[in-house]
Amino acid sequence: MIRIAPEGRWFIAAAWAILLVLALLGWWLAAVVWLVVAIWVVVFFRDPERRWASRPDLIVAPADGRVVSVIRVEEPAFLAAPATRISIFMNVFDCHVNRYPTDGTVTYRQYNAGKFMHAAAEKSSADNEQSSIGLATAHGRLLVRQIAGWVARRIVTDDPVGTPVHQGERLGMIRFGSRVDVFFPEAAATPLVQVGDRTLVGVTPVARWN
């Protein structure tokens, strides 16, 4: 049985209700087309249970998707230091539930309204609507940034400041095509992925703490 993120229940119910109405009206061609949409909505909001062993020495992927950049940046908001940024783009077929990449305590949260450009674009990291979550970890600070895409219109971030969190636990989700960036101080960890790699949320190691 597919586990569903709670944010998807109303969308799924609405999609299948529309399908039922189309079938009752006898609009079979429309019903067949809409069946594809209804199935996709279920797939989009899936929240698969994946088995993983906690690895304190690793930073794991906060999202399903494809690595679109691994670069050095300045991150003044939380790290206040030169940082490595790993960006993971989620297309509309990826699981959109986000998970914590490491153990820690939420010590920073910041929401910024913005644009809805294509999330894989470099400028989206600064210009798009986004929610940032800063963690204090045993290895130092780490920042996760959820970025809305051109289709996304809703970012969900679960935990308030002060919450202890664990690697692989749910962080939140983004609806309908988006991106997640993870930042860590440049000297604190070594990237283990490169552009083009696919990641599984909560499973794929993206960096190793030094």
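I began with helix H2, residues 28–44, which has 17 residues. From its first C-alpha to its last I noted a reach of 24 Å, close to the 24 Å expected at 1.5 Å a residue. I keep in mind that this is a predicted model.

Next I looked up which residues of H2 are buried. They are Ala-31, Ala-38, Val-41, Val-42 and Phe-44. I then checked what covers the buried residues of H2, and the cover includes helix H1 (9–24) and strand E10 (170–174).

I found Asn-98 in strand E4, residues 97–99. Is Asn-98 buried or exposed? Asn-98 counts as buried because its relative accessibility is 0%, and the cut-off for buried is under 20%. I also noted a polar contact of 2.9 Å between the side chains of Asn-98 and Gln-146. Leaving out residues up to four places away in sequence, I listed what Asn-98 touches; among them are Pro-62, Ala-63, Met-90, Gln-146 and Val-201. The list for Asn-98 also includes Arg-170, Leu-171, Gly-172, Met-173 and Ile-174.

I placed Thr-204 in the loop between strand E13 (198–199) and strand E14 (205–209). Thr-204 has a relative accessible area of 18% and is therefore buried, since buried means under 20%. Which backbone atom does the side chain of Thr-204 reach? I found the backbone nitrogen of Leu-200, at 2.8 Å. Not counting residues up to four places away in sequence, Thr-204 touches Ile-59, Val-60, Ala-61, Arg-198 and Thr-199.

Conventions: Residues are numbered from 1 along each chain as its sequence is written. This is a predicted model: local features need pLDDT of at least 70, side-chain atom pairs count only at pLDDT 80 or more; totals for chains, interfaces and linings use all residues. Side-chain values use heavy atoms; hydrogens and water are left out. Helices (H or I, at least four residues) and strands (E, at least two) are DSSP runs, numbered from the N terminus. Buried means under 20% relative accessible area, exposed over 50%, partly exposed in between (1.4 Å probe, protein chains only). A polar contact is a pair of N or O atoms within 3.5 Å; within protein, one must be able to donate a hydrogen and the other to accept it, and residues adjacent in sequence count only if both atoms are side-chain atoms. Contact means heavy atoms within 4.5 Å. The expected span of a helix is 1.5 Å times one less than its number of residues.
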